[in-house]
Amino acid sequence: MLTVDKMKEMGCNTAEGLGRCLNNEMFYLNLVQMGLKDENFAKLEEVLKTNDLEKGFEVAHGLKGVIGNLAITPLYNAISEITEELRARKQIDYAPLLAKIKENRDKFLAEL
Amino acid sequence: MNNLSSQDIKRLVLVVDDEFVNREMLGFIIRRDYNVIYAKNGKEALEQIQKHKNLLSLILLDLLMPVMDGFKVLQTLKDDNELSKIPVIVLTSEKSAEIESLRLGAVDFITKPYDMPEVILARVRRSIELSEGSKMIQNTSKDELTGLLTKDFFYQFCERYDKYYPDEKMDAVAFNINNLGLINEINGRAYGTEIIQKIAEAIKVLLNMTVGMACRFSDTFYLYIEHKDNCEEILTKFLNEFNSIFKNSRSRLVCGVNPIVDKKVDVYRRFERAMMACNSLKNNYNTNISFYDAELHKKELFENCLVSDVETSLTNKNFIVYYQPKYNITGLRPRLSSAEALIRWKHPEFGMISPGVFIPLMEENGLVSRLDHFVWQEAAAQVRRWRDQYNITIPVSVNLSRIDIYDPNLENNFLKLVRDNGLKPTDIMLEVTESAYTDNSDQIIQVVESLRSKGFFIEMDDFGSGYSSLNMLSELPIDALKLDMKFIKNIAKNEKALHMVELMMEIAEFLKVSVVAEGVETEEQCKLLKQMKCDVIQGFYFSKPIPPEEFKLLIEKEVKLRDSEAKEIGYVNS
């Protein structure tokens with residue numbers, strides 16, 4: 001079961017995330033669970049398969065906002081990286097960046 | 001929720017974000033202080049905005065959203081005169097979007113990831129405050145003396161409260177301190193102020209036990225409170241506790257309640273109704289609380305009808321001036337010396353309406369001034385007609401209402417009136433009630449002194465009912481005291497009443513002014529007053545107020561009397 005302590009151990013800035021939830025742990029952890037299961041993770045993979053960078057940026061940008069608010073720092077960093085590349089509409093291979101996101105996300109999902 | 005102010009009413013905030021987590025988190029932060037509604041894209045947002053446009057205090061708007069983005073929402077709001085007044089804070093992590101958002105009318109930004117909740121709340125609060133101009137409101141919304149709201153803001157808050165809680169059953173309550181002027185006169189103004197503050201504090205305690213707000217103006221308090229089935233019990237207890245401080249005095253705190261207000265009726269009217277109930281207690285000392293009910297509602301409708309008919313009735317000459325003669329009783333025979341002009345209303349629908357019904361009503365809304373001017377004009381013209389017809393001057397006294405005293409043209413109006421009718425100021429006598437003197441002695445003394453200096457004769461009306469102090473009386477510029485008719489009523493039956501009038505006669509003697517006794521109905525009363533050296537008598541004993549065509553018979557009689565006297569003197573001299 002994912003706990004605040006565990007998240008902290010995994011490198012999350014839980015003080016910030018929890019603070020945004022007025023230090024209500026249960027509420028915070030519920031949101032974290034929802035954030036990790038956000039359908040935009042799958043959508044991002046999908047749109048990048050079609051090389052739609054504009055849409056890709058929109059989706060990544062949305063995810064960055066959610067994960068940033070939840071202060072899931074390692075995942076946030078990975079999403080920020082891909083968002084910046086997409087913002088510049090760079091024609092690069094996004095697979096490694098997607099993999100990095102997946103790797104980080106899976107670690108947290110495994111804890112749920 | 002306790003004593004509500006503009007700060008306390010929960011405002012409505014719309015959170016627009018396509019991400020559930022972001023919406024929930026932001027809503028969670030502000031929910032304690034605001035009512036929150038949500039939309040997950042621009043289209044939904046515009047629907048919510050249209051639906052709640054009258055209530056919405058702020059929109060928190062994400063920019064990048066599916067279906068319709070935040071820019072489109074901002075543009076739509078900007079283009080709409082009404083909606084553009086709702087402040088918008090943009091939620092963004094994009095610096096580049098800020099300029100465009102400002103151009104489109106955003107008032108502030110909240111960055112993502114979100115700042116700490118305190119920062120967000122401060123930004124939300126500030127944006128709403130700025131939008132509502134609440135800094136200005138804060139400075140003028142409180143009554144300095146009590147800390148309660150001022151009347152204007154109270155009404156605004158009531159209206160706002162209704163918007164937020166349209167289904168809440170509310171009572172409009174009016175408290176009034178009867179005879180505060182008397183308290184000020186007897187115990188000093190500081191004591192009167194202390195009483196007002198004590199009542200205000202007690203009202204604050206009362207508000208702590210319920211939901212509501214209160215204001216104070218002059219000697220009246222208004223409360224807008226959540227209805228409770230036992231409200232009569234609560235308010236009666238409040239009144240009983242408070243009225244103990246008025247022991248042995250004619251002052252008291254009374255309460256009128258408009259229970260479960262009709263929200264279709266505007267807020268001012270709701271409190272007028274509470275006040276009507278309150279005023280209905282004026283001569284009822286058995287209870288201190290009254291409720292607006294069907295009977296009062298009927299009275300209200302009747303009074304509204306009267307008020308709206310005044311102008312038409314003036315045009316159609318439905319108002320008539322009657323004259324009640326005043327007889328000088330200092331000589332061997334009572335002699336017609338003057339008259340009092342009294343207005344009568346022959347209403348086309350309701351028939352003859354007593355001035356006791358319509359004058360207080362017109363005093364409330366200032367229309368009495370219109371009626372006064374009408375009477376003054378008619379009376380002056382009548383004095384002129386009698387002089388032309390009978391070669392005799394019968395001075396007529398007219399009433400000055402409180403509101404007339406504040407008219408800067410009062411003196412000029414009277415001077416013009418006598419000039420236009422070829423009269424002298426001494427031909428018009430002015431009656432000012434004693435209570436008007438006690439209400440605002442400085443102003444009235446100034447006005448009356450000036451009128452006297454121009455030659456007008458001033459009578460203090462209803463003397464004995466206005467609680468003047470002897471000290472004050474000695475300083476008042478008056479020419480005659482008119483004894484209130486209730487003192488005359490029992491002089492033939494009751495020793496105490498007789499002594500009371502004797503005392504008043506002594507006061508008049510001390511002040512070196514003449515005395516007019518009103519309400520004299522019997523020969524016995526007349527005899528007693530003559531013995532007490534009363535100068536002039538007015539009352540049913542001689543005549544009720546009568547129209548000019550009847551009054552002329554009294555004049556003809558007086559003219560005959562003068563003629564025969566002149567003949568007698570001529571006979572003696574020859």
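## A tour of strands and cores in chain B

Begin by selecting B:Met213 and B:Tyr224: B:Met213 stands opposite B:Tyr224 in strand E8(B). The structure is a predicted model, in which local features need pLDDT of at least 70, side-chain atom pairs count only at pLDDT 80 or more, and totals for chains, interfaces and linings use all residues. Residues are numbered from 1 along each chain as its sequence is written, while chains are lettered from A and ligands numbered from 1 in the order in which they are written.

Select strand E7 (residues 212-217) of chain B together with E8(B); they run antiparallel and are joined by six bridges. Strands (E, at least two residues) and helices (H or I, at least four) are DSSP runs, numbered from the N terminus. Two strands pair if DSSP finds at least two bridges between them. E7(B) and E8(B) form a hairpin with two residues between them, and B:Ser218 in the turn has a positive phi of about 55°.

**Strand E8.** Next select residues 220-226 of chain B, which make up E8(B); five of its seven residues are buried. A residue is buried if 20 or more other C-beta atoms, placed from the backbone, lie within 10 Å of its own.

**Strand E6.** Which residues cover the two faces of E6(B)? On one side are B:Met170, B:Ala172, B:Ala174, B:Asn176 and B:Asn178, on the other B:Asp171, B:Val173, B:Phe175 and B:Ile177, all of them buried. E6(B) also pairs with strand E9 (residues 252-258) of chain B, in the antiparallel sense over seven bridges; B:Phe175 stands opposite B:Cys255 there.

**The cores.** Select B:Leu14, B:Ile59 and B:Leu60, the residues with the most contacts inside the largest nonpolar core, which has 67 residues. Such a core is a set of buried Ala, Val, Leu, Ile, Met, Phe, Trp, Tyr and Cys residues joined through C-beta atoms within 7 Å. Its largest share, eight residues, comes from helix H5 (residues 53-70) of chain A. A second, separate core of 66 residues includes B:Val321, B:Trp345, B:Leu483 and B:Ala517.

**Confidence.** Finally, colour chain B by pLDDT, the predictor's confidence in each residue, from 0 to 100. The chain averages 89. Where pLDDT is low, the predicted coordinates should not be read in detail.

Conventions: Buried ≥ 20, exposed ≤ 12 C-beta atoms within 10 Å, placed from the backbone.
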